[in-house]
Every structure is written in structure tokens, then in C-alpha cells.
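Thanks for coming. Please have a look at it first.

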Amino acid sequence: MKTQTKGILITLLAAACFGAASPIAKAVYQYDVTVGNVLLWRFIIATALVWGYLLVFRKDLNIRLRKDQLLMMVVVGGVTHFLTTQCYFNALRYVPICIQIMIFYTYPFIVNILSVIFFKESISRMQVLSLVVAFIGILMTVTLDDLRMSLIGIAFCVGAAICNTAYILCLGKRNVLEVDSIVVGAYSSLFAGISYFIFCLARGELRVNMPLPCWTGIIAMAVFTTAVGAIALSLGVKMIGSAKVAIVSVFEPIEAILLGVLIFQEKITLRGWVGIILVIGSIVLVNYVHMQGTQEKIDIEETKGGV
């Protein structure tokens with residue numbers, strides 16, 4: 001099998017793992033457990049698995065960090081990843097998966113907007129078009145009834161998108177880019193787990209005595225939607241590059257929405273489906289523009305190297 005094909009398949013596996021997170025979490029919530037406690041055990045188990053993978057199978061990677069990198073990992077995992085997952089999984093208590101996913105996946109556009117405002121990066125016409133299309137899609141997906149009935153859920157969705165934007169911008173810092181992506185994921189899970197331990201301890205939510213189906217869901221989230229997903233994504237980036245991975249990963253929200261419809265019988269109107277298609281299409285468009293820009297930079301660097 002060709003490396004490109006293998007890379008695409010591995011990336012699809014990662015997207016499938018990540019896409020299952022919302023449906024599994026929603027199923028676990030039926031057992032009267034708190035979001036914090038669920039995510040605490042998810043990160044404890046996932047951290048053990050990812051670090052085990054690094055220590056046993058990836059001895060070639062440097063897992064030691066400089067002080068500035070370690071401090072940045074505390075911010076990435078203990079603050080931005082913690083806040084993102086808090087908002088993301090709390091939103092599921094109030095809104096359907098399709099609305100949660102659609103609002104959350106506006107984060108690539110928020111990243112673009114903030115990059116233009118704060119980092120003075122240029123924005124192309126295609127990126128502006130994708131922003132407009134995504135906004136129209138969100139308006140078609142989220143109805144006035146959703147806003148009236150689940151304002152707190154919508155707020156959590158927006159909060160998750162904003163916090164994930166901060167997470168992405170932190171990952172773009174030079175000292176973080178020097179660290180392998182799977183090592184970043186390992187430290188991020190570790191510090192997010194520490195934050196959740198402190199959070200649950202302070203709120204008296206630390207609980208071990210949970211029903212077996214609840215533990216099954218938590219273990220599935222830890223193994224598949226965190227550890228396996230992170231490892232597969234890292235391998236996918238290595239094989240086909242981050243730009244192509246970004247486009248293939250669009251399968252993630254599609255899967256989550258379909259599972260919401262199939263498992264939880266969530267109702268989506270024709271207008272809602274059109275909105276979903278517009279948002280996903282705009283994600284593909286903005287990722288394609290990013291891929292083209294990345295390729296142009298590579299071509300320029302190769303020309304410089306030749307000289």
C-alpha cells in the first residue's frame with residue numbers, strides 16, 4: 001500500500017475516533033455523572049496510554065522539554081485544553097450533537113480572524129468567502145427556537161470554539177512547534193488531567209463508584225477518542241502532511257452528526273442539512289486554501305535551497 005493511501009486511511013481512523021467523542025459522552029451522561037469526573041478519568045487513562053506508547057514504541061522522540069516549553073505545555077493542556085473540553089462536553093447536556101458540532105467547528109474561522117487582527121496576517125478572497133458561507137450555514141443550522149430553549153448550551157458551544165482557538169494559537173508558538181505533535185499531545189493530556197483532578201477535588205466531584213456501562217464509555221473515550229486518535233493523527237501528519245490531514249479530518253464532524261441522528265434520533269430539518277453542508281464545505285475550502293499556501297511556501301523554500 002502506498003504511503004499516501006496509508007496516511008489517508010490512518011487519518012480517517014483518527015477522525016473516526018475523534019468524531020465518536022460526542023455520541024459516547026452523551027450516552028455516558030445518562031448515568032448521572034458529572035462532566036468533570038468523566039473527563040478526569042478519560043485523561044488519566046489516556047495519559048497513561050499515550051506516555052506508555054512514547055516510552056515503549058517511540059524511544060526515538062525527545063520527550064524532555066526546556067523550561068519555556070514546559071511552561072507552554074502547562075498553558076496548552078492545563079488551561080486551554082481543559083477549558084475547551086469543559087465547554088465542549090458541557091454543551092452536550094443542553095443542545096443536540098449537530099448544533100454543538102456546527103458551532104464548535106467555526107474555530108478555524110475564528111483562528112483566521114484573530115490571526116488577521118493580532119498577527120497582521122493576510123486573508124485571501126477565498127478565505128473571506130468561506131467565512132461568509134460558514135456564517136450562513138450556522139444561521140441555517142441554529143434556529144431561533146434553539147437560541148430560546150438552549151441559550152446556555154449555545155454559550156458553551158461558542159466558549160468551546162473560542163477556547164479551542166486559543167489552544168490552536170498556542171500550538172502555533174515557535175517553542176511548541178519544535179516539539180513532536182504526539183509529545184505535545186502527551187503533555188497536553190497530562191496537564192489537562194491535573195487540572196481536572198484539582199477541579200473535581202475542589203467541587204467534590206471525584207467519584208470511582210460508577211456503573212459498568214459508564215466506565216465502558218469512559219474507557220472508550222480514553223482509548224479511542226483520545227489515545228488512538230492522537231497517535232493516528234500524529235502518524236497521518238507524518239505520512240501526508242498537516243495540510244492534507246486538515247481536509248481529510250472533515251470526516252470527523254460528519255460522523256458525529258450522523259451518529260447523533262442514528263443513535264439519539266436527533267431531528268434535522270432540510271434547512272439544517274443545507275446549513276451543515278455549507279459549514280462543512282466552507283471548512284474544506286478554508287483548509288484547501290491553507291494547503292495551497294503551505295505548498296507555495298514549500299516550493300519557495302525548495303527554490304531557495306537549490307540556489
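Let me begin with Asn37, which counts as buried because its relative accessibility is 1%; buried means under 20% relative accessible area, exposed over 50%, and partly exposed in between, with a 1.4 Å probe and protein chains only. Before going on, a word on the source: this is a predicted model, where local features need pLDDT of at least 70, side-chain atom pairs count only at pLDDT 80 or more, and totals for chains, interfaces and linings use all residues. Residues are numbered from 1 along each chain as its sequence is written, and side-chain values use heavy atoms, with hydrogens and water left out.

Back to Asn37, which sits in helix 3. Helices here are DSSP runs of H or I, at least four residues, numbered from the N terminus. Which residues does Asn37 touch, not counting those up to four places away in sequence? They are Cys200, Glu205, Leu206, Arg207 and Met210, where contact means heavy atoms within 4.5 Å.

Next, the helix pair. Helix 3, residues 35–57, packs against helix 11, residues 181–203, at an angle of about 150°, and the axes are 8 Å apart. Axes are lines fitted to C-alpha atoms, for helices over the stretch in contact, and angles run from 0 to 180 degrees between N-to-C directions. So helix 3 is roughly antiparallel to helix 11, a label for angles over 145 degrees. On the helix 3 side the contact includes Asn37, Phe43 and Trp51, and on the helix 11 side Tyr187, Gly193 and Cys200 are among the residues. The residues of this contact divide into 17 nonpolar, 5 polar and no charged. Ala, Val, Leu, Ile, Met, Phe, Trp, Tyr, Cys and Pro count as nonpolar, Asp, Glu, Lys and Arg as charged, and the others, Gly among them, as polar.

Helix 11 also meets helix 12, residues 212–240: their axes come within 9 Å and cross at roughly 160°. Helix 11 is therefore roughly antiparallel to helix 12. Ser181, Ile182 and Ser189 of helix 11 make the contact with Thr226, Ala230, Ile231 and Ser234 of helix 12. Here the division is 3 nonpolar, 4 polar and no charged.

Last, a loop residue. Lys173 lies between helix 9 (151–171) and helix 10 (174–177). Is Lys173 buried or partly exposed? Lys173 is partly exposed, with a relative accessible area of 43%. The C-alpha atoms of Lys173 and Met72 are 8.9 Å apart, although 101 residues separate the two along the chain.

Key:
Helices (H or I, at least four residues) and strands (E, at least two) are DSSP runs, numbered from the N terminus. Angles under 35 degrees count as roughly parallel, over 145 as roughly antiparallel, 65 to 115 as roughly perpendicular and the rest as oblique.
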